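Please keep the sequence and the model at hand while reading.

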Amino acid sequence: MHHARPTPSFRHARSPGIACSASCRHASSCEATRGGDPALLDVRRIVERVGPFSDGDRLVQPGAPHLAAFSVLSGMAKTMHGEHVVAFHLPGELFALDVSRTHMHDASVVTIGKTWFCRFPRDATHALCCASDDIARHLGTLRRREHRARNASAFEGDALRRVRGFLADLLRRHRAIEKESRFLALPMMREDIGNHLGMSAATVTRMLAKLRDAGTLVIRPGGVDILDEVALHAP
């Protein structure tokens, strides 16, 4: 079992100054601004860049006060409830918006590989929501989506169907970043994928091998090349 290291300090936060702009390679896919919606661009004024974090570092942990939401700038992260992986986070995706009424985190966010984050301070975000109905509605929608995702059941069906569904979902989200790429990075351990899907790491490996043998994908160092996207959605 991979044990996350304690939460590092935010000594690398880049402030003052605007840390977010249209020149960011993820500007067109950033959920915080809905890809650069003019009504949401004020969000860029509050962004802090934090990192780099090493593999296994905790960005937040249960019981810590909720001080900010985050999105991945480069790398990947996972959210864990106890020992269960409930979500993986790709660049541009906003998360850690949904917290309990106590305003304390009830889950861990753990980095996968070397990762940088965009940090959205809670107080500054609240002030923006008070000043802009558009921002308030948008972040409210993302908060409700995060809540549903964290409380939803895992991918359903047999092991092969769950792995196909996981890859199809990850590819759909990855395409928001790299629209033409067929390479899907899988920097997380097979144990993490299995934990997320409710199966062993060995079963994940076997299912990937089945998809390889069927011509659906090619297994590469660090990920897979998807050759047949239609097959990922097969019943």
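## Backbone geometry

Pro 52 is found in strand E1, where helices (H or I, at least four residues) and strands (E, at least two) are DSSP runs numbered from the N terminus. The peptide bond leading from Gly 51 to Pro 52 is cis, with omega near 0°. The model is a predicted one, in which local features need pLDDT of at least 70 and side-chain atom pairs count only at pLDDT 80 or more, while totals for chains, interfaces and linings use all residues. Residues are numbered from 1 along each chain as its sequence is written, and side-chain values use heavy atoms, with hydrogens and water left out.

Most residues other than glycine have a negative phi, and most peptide bonds are trans. Arg 34, found in the segment before E1, has a positive phi of about 50° although it is not a glycine. Ala 96 likewise is not a glycine and has a positive phi, of about 65°; this residue lies in the loop between strand E5 (94-95) and E6. Because its relative accessibility is 7%, Ala 96 counts as buried (buried means under 20% relative accessible area, exposed over 50%, and partly exposed in between, with a 1.4 Å probe and protein chains only).

Leaving aside neighbours within four places in sequence, Ala 22 is in contact with Ala 27 and Arg 44, contact meaning heavy atoms within 4.5 Å. Ala 22 and Gly 35 are 13 residues apart in sequence, and their C-alpha atoms are 9.4 Å apart in space.

The axes of helix H3 (residues 159-174) and H4 come within 11 Å and cross at roughly 110°, where axes are lines fitted to C-alpha atoms, for helices over the stretch in contact, and angles run from 0 to 180 degrees between N-to-C directions. That angle makes H3 roughly perpendicular to H4 (under 35 degrees counts as roughly parallel, over 145 as roughly antiparallel, 65 to 115 as roughly perpendicular, and the rest as oblique). The contact is made by Arg 162, Val 163 and Phe 166 of H3 together with Ile 193, His 196 and Leu 197 of H4. These residues divide into 4 nonpolar, 1 polar and 1 charged, with Ala, Val, Leu, Ile, Met, Phe, Trp, Tyr, Cys and Pro counted as nonpolar, Asp, Glu, Lys and Arg as charged, and the others, Gly among them, as polar.

For helix H4 (residues 190-197) and helix H5 (residues 201-213), the axes come within 7 Å and cross at roughly 95°, which makes H4 roughly perpendicular to H5. On the H4 side the contact involves Arg 190, Glu 191, Ile 193 and Gly 194, and these meet Ala 201, Val 204, Thr 205 and Leu 208 in H5. By class, the residues of this contact are 4 nonpolar, 2 polar and 2 charged.

## Cavities

Rolling a probe the size of a water molecule over the atoms shows where empty space is left. The structure holds 4 cavities of 30 Å³ or more. On a 1 Å grid over the protein atoms alone, a cavity is a set of points where a 1.4 Å probe fits but cannot get out, a pocket is an open set with protein on both sides within 12 Å along at least five of seven lines, and lining residues have an atom within 4 Å of a point. Grid points are joined across faces, edges and corners, and a volume is the space filled by probe spheres set on the points.

The largest cavity contains about 120 Å³ of space and is lined by 14 residues, of which Cys 20, Cys 24, His 26, Cys 30 and Cys 118 lie nearest its centre. Strand E3 (68-81) and strand E6 (108-121) are the elements that give two or more residues to this lining, and the largest share, 3 residues, comes from E3. The second largest cavity has a volume of about 80 Å³, and its lining includes Ala 96. This lining divides into 6 nonpolar, 2 polar and 4 charged residues.

## The second largest pocket

The second largest pocket has a volume of about 330 Å³, and of the 14 residues that line it, His 66, Leu 97, Arg 122, His 126 and Arg 143 lie nearest its centre. Helix H1 (122-131) and E3 each supply at least two lining residues, with H1 giving the most, 4 residues.
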